[in-house]
Amino acid sequence: MSMIPRGTPVPARWQLLACGLVLMASCSIAAAADGGIVDVHALPQLEGAVEDTSRPDPYRVEYRMPTPEAVTSPAVKKLLSADGWVPYVRPLEEKSTNLNFKKGRQGLSVHFTQALGRPDQSVVYYTTDRIYGNVPFPDGASDIMFDGTRPYLGCIAPSALDATSDFYASQMAAIGWQKLTPETAARWTTSLDETVPNGFRAFYAHADSKEGGFYQQKPVMLTLTRRDDGRSNIDIRVAPFALPGELKADGDLAGLPRPNPTKTARGLGSADSNKREMSAAAMAELPAVLAFYHRELAARGWQEDASAPLAPGDEVAIKISNAEETGVLRLGRKYDFTMISLNVQVKESALAARAKAKKEADEKFLGDALGAAKQLIAADEARRKVQAGALSDAPLNALADSKTPVPLPETAEGVTFEGGDGRLEFSSNSSVKALGTFYRASLKNAGWKEQPSVINQPNMAVMEFSKGGKSISMTVMQMGPKVNVSATGSGLMVAAAKPVAAKSAEAKPIQAKSTEPLKPDPDSALPVPTQRSSSGISSTKFPGSDQSFRKELEASIPAELSDVLAFYRAELTKRGWQEKTDGAIVTADRAELAFTSPEGPAMLKLGRAREETTVSLVQRNPQAAAKADIMPKAGQARLMLGNIGPKEASLTINKQTIKIAAGAGGPQSPKGPMLDLPPGKYQYALRMPGQPTRNETLTVAAGDAWGLLVGPSGDVLPLQMY
């Protein structure tokens, strides 16, 4: 930042001098062109000031002082007052540290800051402050309260009433104010009340004046009153007859009505808080504000019960109530405002009713969640029974041409054998029972001894075999319409073995390209062919809701990728989906297509595995996600955290640590902490009292919404919600 102290010699280079003269001239001309704008560059500055000239501004000056603000502020006030500037305070800004000055029709605002990193220094800012409604200040006036936007003036003149009256009669006319008579005031009112006990009153109007800075100025009322000490009180404000007689409603604050216009307003609480408050300074007379609240409160079901005890500043205090709440409305006058205070709180009986309703809603939420879980479990059990019924219990024979250390059943499909790692995997349409019987018999005949296992169920069996210091661990598990077999151990390891794939003769027709056209399953929520080896649909939604945020279909289809792609293009088009051409990928063994569906964006991904085409179809519903407040910000992903454990947990991710209270994201507190993250891969650490730290990774993409739910034992369940 370039700063030049006042009085510092400047090199006599004519180029620099010429530029400086041009700059100073431009600032002076800009300020002089408008008589209502002060030339801040011509104002006096304190001794020792160092002006910032790096950013020339005709309406603002900034300079540094080697003294703290507590010393600089009164010094500036004294300096400007000596130059003819009259200090004043704005209504309702009595505690502000800014200084305001007036000189004729020009205004000036001065504020201060601490110099960066230097509490022993301060920075002073002079800023022009246009006065839109100029009225004269008597010489020597004290306690000046002024706002040049309406205008409003309240002060004490040192002169007696008659002298003060003569001053305003001449000075108001000099500024262009014209005294109203019953005839000239007829456009606003039919009566001018000029009677003031122990004082004087007059009304003035001002025509639009470009030279004087007046535009659509409302008439003002001047009131002068005699003080006991011989001085005079002065009050200038917008005439009551020029203010709105009927107030319209502005936006609510804390769920409580607010009139328009107001100068300031604030609210505490919300419409459903147990306690709430609204306060405002209305630019209207008290009767108009009171009429507004009579109307608005009655329209909202409030009753006015009785008068409440008056507090300091009150002119009106009314007790109000409705079916659930009680409150007090207080109105009073300050300067030219009607001050409003409206406080309400919920009745004890209503609090008890709300607590009961919340408990019932929580119980219903939990009941719906448990009911939904039971339905899913029951549906899964029913599906497993149907699928198990389609599996064959027929005795199995071994494949004659198998190259694996252990025999393969004749129904083996998609065989993967890695002899170097000692791993064997395949699937079969034979039952868990038939496959278990096959391996127990064949391995026993080969000299393997089985170790007892407690897991031997119709849908899953675990078998352990050993021979000559070698071992084989085998898991047989029903997975949808197939049974998966996985085996590991030293008994399967073959030196310098290369992965081989084998399949039974019966499997070949299933894996080969289907000769008949793919037909859609009419009972599926998302399109899937009836000719499939496996499929499953999942959806994410809140319990009790009918709208899903995200639906996902996964399937394996024994057909060529080109045929499956043609099937989905046709079926999705029938459902009103439109394919996006941008970014589409289509190769012999992979396809990725984006769609727009009636519910929202969707993505179709096709691939190849075990000579079948794999399908991943995801459809999103942004409207449902936005309604549930889980929609991430544009270009980011949203992370929602929950904790159904009994103790508080903390999760650290992306250099942020978030506390997750016990029960957060559950029935008692449905909305847990949320975090928006840029897309990418993140490591996170979960900490719970008395348990070791758990470190996991999570990959999120732009537009994703993920839930991380902490379980009672400290496990973390990641779930993509959107």
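Let's start with the aromatic pairs: this structure holds twelve of them. By a pair I mean rings of Phe, Tyr or Trp, taking the six-membered ring for Trp, whose centres lie within 6.5 Å; planes under 30 degrees apart count as stacked, over 60 as edge-to-face, and the rest as tilted. Take Phe-137 and Phe-146: their ring centres are 5.1 Å apart and their planes stand at 80°, so we call this pair edge-to-face.

A quick word on what you're looking at. This is a predicted model, where local features need pLDDT of at least 70 and side-chain atom pairs count only at pLDDT 80 or more, while totals for chains, interfaces and linings use all residues. Residues are numbered from 1 along each chain as its sequence is written, and side-chain values use heavy atoms, with hydrogens and water left out.

Are Phe-137 and Phe-146 buried or exposed? Buried means under 20% relative accessible area, exposed over 50%, and partly exposed in between, with a 1.4 Å probe and protein chains only. Phe-137 has a relative accessible area of 10%, so it is buried. Phe-146 has 0%, so it is buried too.

Where does it sit? Glu-285 is in the loop between β17 (275-282) and α4 (286-299). Helices here are DSSP runs of H or I with at least four residues, strands are runs of E with at least two, and both are numbered from the N terminus. Glu-285 has 25% relative accessibility, so it counts as partly exposed.

Which residues does Glu-285 touch, leaving aside neighbours within four places in sequence? They are Pro-240, Leu-243, Arg-333 and Thr-338, where contact means heavy atoms within 4.5 Å. Leu-243 is 42 residues away along the chain, yet its C-alpha atom and that of Glu-285 are separated by 7.5 Å.

Finally, let's zoom out. The chain has nine helices and 42 strands. Of its 722 residues, 40% count as buried. Among contacts with a separation of 6 or more, 52% come from residues 24 or more positions apart.
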